[in-house]
Amino acid sequence: MSGRIIAQTNLIEVRQGDSFTINIQIKKGHKPLDLNGSKLMMQVRDTDDTVMISKVADFIDSEQGKMSLILTSTDTDVSVGDYKVDIQLILPDNSIHTIFPSDVNKIGIFRITEQVTR
């Protein structure tokens with residue numbers, strides 16, 4: 001719940017140890033894209049390319065292109081800092097489309113901020 005996505009700066013930010021849901025709707029033009037048979041994946045990696053978080057989205061309404069990446073408090077209980085991230089959509093024809101970050105010239109940043117209450 002306590003996180004944010006700043007698409008313009010390719011940043012996803014969440015407090016260490018917090019749960020966070022990223023809701024996504026995929027559209028083609030102005031119409032929702034039917035995602036039956038598709039898969040949405042997110043990976044967060046450190047500077048050594050070690051996978052810190054790996055999630056597959058849950059479909060909320062695949063015909064309307066709606067899904068959620070649900071991060072638990074265990075998922076976000078990693079060291080405070082900036083990590084690399086991308087979110088990819090894999091369609092039924094096995095074509096892969098990176099939907100975050102949207103700017104192909106930038107690396108997505110997944111920032112874990114410090115918590116106080118333990």
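The model is predicted, so local features need pLDDT of at least 70 and side-chain atom pairs count only at pLDDT 80 or more, while totals for chains, interfaces and linings use all residues. Residues are numbered from 1 along each chain as its sequence is written, and side-chain values use heavy atoms, with hydrogens and water left out.

Start with the strands. Strands of a sheet pair through backbone hydrogen bonds, either parallel or antiparallel. Here a strand is a DSSP run of E with at least two residues, numbered from the N terminus. Two strands pair if DSSP finds at least two bridges between them.

The order is S3-S9-S8, and the pairing is antiparallel. Strand S3 (20-25) and strand S8 (58-61) stand at the edges. Each has a single partner strand, so one side of each is left without a neighbour in the sheet. From one strand to the next, the twist averages 30°. That angle is taken between axes, which are lines fitted to C-alpha atoms; angles run from 0 to 180 degrees between N-to-C directions.

Now take the pairs in this sheet. S3 and strand S9 (residues 66-71) run antiparallel and are joined by six bridges. Find Gln25, and you will see Lys66 of S9 opposite. S8 and S9 are also antiparallel, with three bridges. There, Phe59 stands opposite Met67 in S9. The hairpin of S8 and S9 has four residues between the strands, and Gly65 takes a positive phi near 70° in this hairpin.

Move to another hairpin. S6 pairs with strand S7 (residues 51-56) in the antiparallel sense, over five bridges. Gln43 faces Ser54 of S7 across this pairing. Five residues lie between the two strands of the hairpin. Asp49 is found in that loop between S6 and S7. Asp49 has a positive phi of about 75° although it is not a glycine. How accessible is Asp49? Its relative accessibility is 41%, which counts as partly exposed. On this scale, buried means under 20% relative accessible area, exposed means over 50%, and partly exposed lies in between (1.4 Å probe, protein chains only).

Asn94 also has a positive phi, near 70°, and is a residue other than glycine. Asn94 sits in the loop between S10 and S11. At 62% relative accessibility, Asn94 counts as exposed.

Next comes a parallel pair. S2 and S12 pair in the parallel sense over five bridges. Leu11 stands opposite Ile109 in S12. Why is S2 described as largely enclosed by the rest of the structure? Four of its five residues are buried, so the rest of the structure largely encloses S2.

In soluble globular proteins, nonpolar side chains tend to be buried together. A nonpolar core is a set of buried Ala, Val, Leu, Ile, Met, Phe, Trp, Tyr and Cys residues joined through side-chain atoms within 4.5 Å. The largest one here has 23 residues. Ile12, Ile24, Leu40, Met42, Leu69, Ile87 and Phe110 touch the most other members. Strand S2 (11-15), S3, S6, S9, S10 and strand S12 (108-113) each give two or more residues to this core. S10 supplies the largest share, four residues.

A pocket is an open set of points on a 1 Å grid over the protein atoms alone, where a 1.4 Å probe fits, with protein on both sides within 12 Å along at least five of seven lines; lining residues have an atom within 4 Å of a point. The largest pocket has a volume of about 300 Å³, the space filled by probe spheres set on grid points joined across faces, edges and corners. Of its 16 lining residues, Val85, Asp86, Gln88, Thr98 and Pro101 are the closest to its centre. Strand S6 (39-45) and strand S10 (81-90) each supply at least two residues of the lining. S10 gives the most, with five residues. The lining divides into six nonpolar, five polar and five charged residues. Ala, Val, Leu, Ile, Met, Phe, Trp, Tyr, Cys and Pro count as nonpolar, Asp, Glu, Lys and Arg as charged, and the others, Gly among them, as polar.

Finish with two prolines. Pro101 is found in the loop between strand S11 (96-100) and S12. The peptide bond from Phe100 to Pro101 is cis, with omega near 0°. Pro32 belongs to strand S5 (residues 31-32). With a relative accessible area of 31%, Pro32 is partly exposed. Pro32 and Gln64 are 32 residues apart in sequence, and 5.0 Å apart in space, C-alpha to C-alpha.
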